[in-house]
Structures are given as structure tokens and as C-alpha cells.
Amino acid sequence: MQYISTRGGVPATDFTGVLMEGLARDGGLYVPASWPQIARPLKPQSYIETAMQVLGAFTKGSLETAELHQILENTYTPRADGFSTPEVTPLVKLDDNLSVLELFHGPTIAFKDVALQLLGRLFDNQLKKTGQKITIVGATSGDTGSAAIEGCRHAAGADIYILYPNNRPSEVQRRQMTTVDAPNVHALAVDGNFDDCQAIVKQLFNDPDFRVRHNLSAVNSINWARIAAQVVYYIHVAYSYDQPVNFVVPTGNFGNVYAAYVAKNMGAPIKRLVVASNRNDILTRFFETGTMRMADVEATLSPSMDIQVSSNFERLLFDVLGRDSAALSSTMGSFRSTGEFSLGTDTMATLRGLFTAVRCDDITTSETIAATYKKYGYTIDPHTAVGMHAYNVLKNELEGPVVTLACAHPAKFPHAVESATGVRPTLPAALADLYERQERFTILPNSADAVRGFIEKA
Ligand SMILES: *Cc1c(COP(=O)(O)O)cnc(C)c1O
């Protein structure tokens, strides 16, 4: 399988190149040169069997079948520090038409584990082959950091540095980053906010000497391997129904719902995709108006979707512009310089044929957690509630079964859940002693030099 950059400025490369590079050197994002097709399986399959089909197609020519199979077995077979169920992403039926896809059974109880548990092992496999070392540097407001740490701690050739704003993540999120006892893991509490952390990471990546000397690599969802891992559950679920299914996806960075779009392109029977946003509704405004316009980020009850620029949207835009790199580059260029771009009526009609978008504010998020608990006796986290609200708004319009995605375990956001339902959610058994574990982290000033110095010395 060959991959091309959306900006068209670099040669095509294979899966291994895409995995190790993350962002293409022309500033674009890698996408497959064509969509592989996955047919309906003849009999029901396990999660790992579906993963073999899907990731087998994406890694063709880069990984041997037996090699990939071993990696998938290691990643998705239940274990104390991994996924807790052989179904990996169980589907829970709430009523005749509505099911919830639980994506929170990994070690950090949020959906990013599904991809990052695999990414860490893919890195490890590749680094063992080449004897190389890499340095992973990432900024997080909470969920990505802990999932990246859990995913990469076993990759001996990788040193991982996660920057988070000191005193900002929830206690559960912070403890998941600071209680990992592995010499290659470094949690750095920066005296600043999330944007400051991201700006420091950018400065390190933009320092060519430092970047090359430490072989810097990225773990955010611009890495195609993360998208590929997420395509698996959409295909797995879609083929478990005998008619086309609708998915409701809470999203900020457009990563998870883009993976659903990829699954549809690969032949999975998927009807509509619902984009659910919180108060940071750049995507919903875009689907309503045809204009993508940046705004300030506001803090909400669903912090993992408090995002202003949805980076994976570039991959979708590339397709709707007819895979025309020049047109894509000029649109992205104007977005960077003016903070907005608009698409024509025909293009918007194509997009609206695939996606519907709904927003949800904090009051409605809380009410939806309470109402879902009351109606079904089922507890959802605030991110999941944003999707559940979109389902409530659209349920009479959507034809066929609906699956809404549960992106985090309710115990990851205990305050919001307790204040809505009156019941404090409990952590799963594997994390029961989280509050007793020893924390290890370093507080650093808000400065790229301080972080660079720390990495140089470590
Ligand atoms: C990261 C995250 C999201 C948003 O994912 P996208 O990549 O923006 O689609 C939603 N919910 C939770 C709990 C998350 O951790």
C-alpha cells in the first residue's frame, strides 16, 4: 500500500514511512493512494480477525502477515495492563434502534487506547528491526498523554516526554500520566496552559538540529497509523448488522469521525455520519454555513473536544476537492492566513450527503447524562453525552440502526457524572489503586529552552 501527501510535495511512501514520519515533510497529511475494499465476512469474526483484514490491507508490503498477527494479538488480547475484554470494543444495546459502542476498555479508559496501544507496538517492532531510537514529544490536555504513555512505555527504543499544563488535567488524568514506573517515560508539568505546551512542542519540531539529533516523532492523530486502527471498529460493527448503520461520533479534531468515513469508503455498509460537537462548534458551524472559521477555545465539561483547528479535516477536504493537491494547499494556506475558508455549493452538497452535525452546550450535556441514566439505567461520560444529545435531536430523521460512540469511561470524569446522576462512578478494577500510586513528574517553566535542556540531560 502506497501513501500520498495531501499537499502533493513529497514522493509516495509505504506504511512504515508514514508510521515513523507522522506529518509529511511538505506539511501535508498522508492518505492511502486508493481505498482498499473489505467485503462482508462469510461468518462472524473476532475483533482481531477484522483487525487482520483491515490493517493487513493498510500495511501490505511493509509488514508480514505473521508479524502483524503477533502485534495484534499482543495489543488486543485481554491482559491486566491492556484491554479488559476480548470484544475490545463491546456494543451495548439500549433499545431496539440504539446501541452504544464502548471504546473505553483499554488501560486509560478512553478511546485513544484503541489506536495508541497499537501504535506503541508498531513503533517497538520497527525500532527493533532497525536498532534506531526515537524521542516522542507530545502536548496533552489529558487523554492523549496518558494513552500515549501507556502505549509507548513498552517500546524500549522510544523515550517519551509528555507536556501538560501544570494543575489543569483532572486528578484521574494526571495520575494516569505520573504514576507509570518506566525509565523511558517523562511527565512534564509546564507552568502554562495547553496552547503553551503545544507551542513548545512545535518549537522543538521546528529546530532541525534538535529534531534530527533526537529523532523526534509524533503521536497525535495526524499519524495515519492511529486512523487505521480506528477504522477497524467501524468495519467490525457495520458488518455485525444486516442493514446499513448510522454512527454518531463526538469529535473535536475530526479524527474519529474521519475514520468512520474511511470505513465507508472501504465498502462498509454505513449510512449517515453524525458529527457531534460541544460548545467549540467549529465543525457544526461549518456544516451549517459552508464556512470554516476559527474562534477562541472555551473550556467545557468535555475537555478532550475543546479544540479549535480540526487537523484531520484536511484529509476529508482533499477528497472532496477531487484529490487536487494544488486546490487543497491554497485552501489551507488561506485558512492559515485569514482564519477561514468557504466551500462552494456543490462541494457542500456532497459533504451534507454524508455528514450531519449537531452541537451541545454544557447544560444540555449534564441533562443528557441525567436523562440517559434515568431512561436506560446506563451511565455515560460528558463526551459520550454530546453524541447522545445529537442522537436525541436526529432520531426521527435517521433511517436504520444507530450506534453512538462512548469515548470515555464515566469514572474518568467523576464530578460531571456525579452532579448529573447523583451517583459517583467507580474506577474499573485495574485502576482501583490509582489514588494510592506514587506520582513522578517534573515541573518546568513555560519555555522551550527549559524543555530542550531537560531532554538533552535525560
Ligand atoms: C480525544 C477524545 C475525543 C475527540 O476525538 P477526535 O480525535 O477529536 O475525534 C472525544 N472524546 C474523548 C474522551 C477523547 O479522549
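**Notes on the ligand site, cavities and salt bridges**

1. Let's start at the ligand: 14 residues surround it, and the closest are Lys112, Asp143, Thr251, Gly252 and Asn253. Here a residue counts as near if one of its heavy atoms lies within 4 Å of the molecule. Please keep in mind that this is a predicted model, where local features need pLDDT of at least 70, side-chain atom pairs count only at pLDDT 80 or more, and totals for chains, interfaces and linings use all residues. Residues are numbered from 1 along each chain as its sequence is written, and side-chain values use heavy atoms, with hydrogens and water left out.

2. For lysine 112 the distance from a side-chain N or O atom is 2.5 Å, for threonine 251 it is 2.6 Å from a polar side-chain atom, and for aspartate 143 it is 2.8 Å from a side-chain N or O atom. The protein buries 97% of the 380 Å² that the ligand exposes when taken alone (accessible areas by the Shrake-Rupley method with a 1.4 Å probe).

3. What is the make-up of the shell around the ligand? The shell has 5 nonpolar, 7 polar and 2 charged residues. In this scheme Ala, Val, Leu, Ile, Met, Phe, Trp, Tyr, Cys and Pro are nonpolar, Asp, Glu, Lys and Arg are charged, and the others, Gly among them, are polar.

4. Next, the second largest pocket, with a volume of about 410 Å³. Its lining has 25 residues, and Ala80, Asp81, Pro107, Ala430 and Leu431 are the closest to its centre. By class, the lining holds 10 nonpolar, 8 polar and 7 charged residues. On a 1 Å grid over the protein atoms alone, a pocket is an open set of points with protein on both sides within 12 Å along at least five of seven lines, while in a cavity a 1.4 Å probe fits but cannot get out; lining residues have an atom within 4 Å of a point.

5. There is 1 cavity of 30 Å³ or more. The largest cavity holds about 40 Å³ of space and is lined by Phe15, Thr16, Leu19, Leu63, Leu122, Asn125 and Gln126.

6. Finally, the model has 23 salt bridges (a side-chain nitrogen of Lys or Arg within 4 Å of a carboxyl oxygen of Asp or Glu). One joins arginine 174 and glutamate 439, with the closest N and O atoms 2.9 Å apart. These partners are 265 residues apart in the chain.

Conventions: Points joined across faces, edges and corners; volume = space filled by probe spheres on them. Polar contact = N/O pair within 3.5 Å; in protein donor to acceptor, adjacent residues only side chain to side chain. Helix = DSSP H or I, 4+ residues; strand = E, 2+ residues; numbered from the N terminus.
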